[in-house]
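Please have the model open as you read.

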Amino acid sequence: MKIIRSAVFLLFFCGLTACLPEDDFNPSPQANFDALWKIMDEHYCFFEYKKIDWNDVYAKYQPRITSQMSDEALFKELGDMLAELKDGHVNLVSNFSMSRYWDWYLDYPDNFDSKIQRNYLERDYYITSGIDYKILDDNIGYMYYGNFSNGIGDSNLDQIIKKFYGCPGIIIDIRNNSGGLLTNVDVLASRFTGEKILTGYSKYKTGKGHRDFSKPEAKYLNPSDRLRYQKTVVVLTNRQCFSAANEFVNVMRLLPTVTVMGDRTGGGSGFPMSSELPNGWSVRYSACPGYTPDMKDIEFGIDPDIKVDMTESDMRKGIDTMIETARQYITAQKNNSKN
């Protein structure tokens with residue numbers, strides 16, 4: 001059984017250095033089922049937090065595994081078993097499909113419409129490092145960052161901050177951002193703080209037991225030594241802000257000039273690793289839990305400071321309720337500072 005590392009998350013956050021042991025399995029349906037169940041049993045990090053009895057899950061799904069079942073039937077059962085974890089970071093990948101758990105956001109309003117967003121960006125906006133940005137007609141800066149996988153260069157951020165320097169506030173819209181590289185979280189967030197702050201803690205597995213974790217390791221955000229912006233900032237969120245986007249909200253909400261507005265984020269606080277089954281299918285899973293500075297888990301998402309949903313009446317008019325509320329908030333903050 002080969003273990004494949006997710007290098008960025010593993011080396012940066014988890015500190016795991018030893019290779020996991022290799023075992024030999026006969027690639028039968030039962031062998032693959034047992035291998036998957038064991039991988040998760042020994043390495044998944046949220047059993048205790050989510051109060052999941054993994055032995056009960058084994059008892060539920062093992063009778064469904066037969067020696068003559070097709071690959072498609074086996075894949076479905078294994079995917080259904082993983083869905084019991086209710087984790088958007090957990091996926092089973094074969095040469096014909098990928099299992100995924102989507103219910104973490106399906107029961108929430110979309111709270112984002114790219115067609116309506118274009119009414120604000122129009123055609124004369126700038127694009128750099130995966131960020132769309134412009135100054136709106138009320139002199140408020142607006143930037144949309146849709147994926148933390150898009151690398152951010154220091155010189156690119158300098159240009160954005162310089163562009164927005166005369167604005168009374170900036171809207172950072174990360175709705176529908178499903179995550180990416182955690183290094184980009186700090187690169188962007190460091191432009192909005194003037195001091196080093198504690199942003200949370202992480203742990204990593206030290207044994208096969210569900211409670212075998214290291215002591216919490218502190219994570220910090222250092223201020224950038226380049227251009228920074230420290231006026232009012234509003235971060236717009238919806239339920240499809242996941243993983244690195246969830247962590248960005250966790251960091252930004254700690255800054256005194258930042259207000260988080262919109263809907264609860266999607267969560268995904270476990271840093272993932274991946275392993276391989278005897279038949280060559282791979283499985284990704286949350287391995288290293290992350291916490292807030294007060295050691296609270298954010299696996300199930302983060303509530304905004306100000307709850308705002310897009311309304312049907314506004315959408316029919318081509319208006320984004322969340323962007324408009326953010327603009328009103330920034331304008332009010334500017335007016336209050338004058339009094």
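## Two helices side by side

α9 makes a right-handed crossing with α10, where right-handed means that the near helix is turned clockwise from the far one by less than a right angle. This is a predicted model, in which local features need pLDDT of at least 70 and side-chain atom pairs 80 or more, while totals for chains, interfaces and linings use all residues. Residues are numbered from 1 along each chain as its sequence is written, and side-chain values use heavy atoms, without hydrogens or water.

The two axes, lines fitted to C-alpha atoms over the stretch in contact with angles from 0 to 180 degrees between N-to-C directions, come within 9 Å and cross at roughly 30 degrees. α9 and α10 are therefore roughly parallel, a label for angles under 35 degrees. Contact (heavy atoms within 4.5 Å) joins L182, V185, L188 and A189 of α9 to A244, E247, F248, V251 and M252 of α10.

## The buried side of α9

Buried (under 20% relative accessible area, 1.4 Å probe, protein chains only) residues of α9 are L182, N184, V185, L188 and A189. They lie on the same side of α9 because they cover an arc of only 150 degrees around the axis, taken from the directions from the axis to the C-beta atoms. T183, also in α9, is partly exposed because its relative accessibility is 33%, between the 20% and 50% limits.

## I172 and its surroundings

I172 is in contact with M143, F192, V233, V234, V235, L236, F248 and M252, leaving aside neighbours within four places in sequence.

Conventions
Helices (H or I, at least four residues) and strands (E, at least two) are DSSP runs, numbered from the N terminus. Angles under 35 degrees count as roughly parallel, over 145 as roughly antiparallel, 65 to 115 as roughly perpendicular and the rest as oblique.
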